[in-house]
Amino acid sequence: MVGGDGTVTLAWSAVSGAYSYNIYTNTTGSVTAGDEVILNATMPYVHINRTNGVTYYYRVAAVNSAG
């Protein structure tokens, strides 16, 4: 994860058989599937409109053809 001015660039290890990735995020930690979700993300993913000085937490989940 790399921060920039108002952005966060996310990269992760690719998962064999993954069709896409869902990224879950919050600002409180302990990220769960109930948090804000970015569907069908590809790597690297650039998350824009972030607030400088705020800590963002992320969890990435691989999605295969079965969902």
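In the predicted model, Thr25 stands opposite Tyr58 in β6. The two strands involved are β3 (residues 20-26) and β6, which run antiparallel and are joined by 7 bridges. Both belong to an open sheet of 3 strands, with the order β4-β3-β6 and antiparallel pairing. The edges are formed by β4 (36-41) and β6 (57-63). Each edge strand has a single partner, so one of its sides is left without a neighbour in the sheet. From one strand to the next, the twist averages 20°.

His47 is found in strand β5, which spans residues 45-47. The relative accessibility of His47 is 5%; the cut-off for buried is under 20%, so His47 counts as buried. Beyond its neighbours within four places in sequence, His47 is in contact with Gly6, Thr7, Val8, Thr25, Glu36, Ile38 and Tyr58.

Nonpolar packing was examined next. In soluble globular proteins, nonpolar side chains tend to be buried together. The largest nonpolar core in this model has 9 residues. Its members are Val8, Leu10, Trp12, Tyr21, Ile23, Ile38, Ala41, Tyr56 and Tyr58. Strands β2 (7-10), β3 and β4 are the elements that give two or more residues to this core.

Aromatic pairing was then searched across the whole structure, and 1 pair was found. The pair consists of Trp12 and Tyr21, with ring centres 5.2 Å apart. Their planes lie at 65°, so the arrangement is edge-to-face. Trp12 has a relative accessible area of 16% and is buried. Tyr21 is likewise buried, at 9% relative accessibility.

How values were computed. Residues numbered from 1 in each chain as written. Predicted model: local features only at pLDDT ≥ 70, side-chain atom pairs only at ≥ 80, totals over all residues. Heavy atoms only, no water. Helix = DSSP H or I, 4+ residues; strand = E, 2+ residues; numbered from the N terminus. Buried < 20%, exposed > 50% of the residue type's maximum accessible area, 1.4 Å probe, protein only. Contact = heavy atoms within 4.5 Å. Phe/Tyr/Trp six-rings, centres within 6.5 Å; stacked < 30°, edge-to-face > 60°. Pairing = 2+ DSSP bridges. Axes fitted to C-alpha atoms, helices over the stretch in contact; angles between N-to-C directions. Core = buried A, V, L, I, M, F, W, Y, C linked by side-chain atoms within 4.5 Å.
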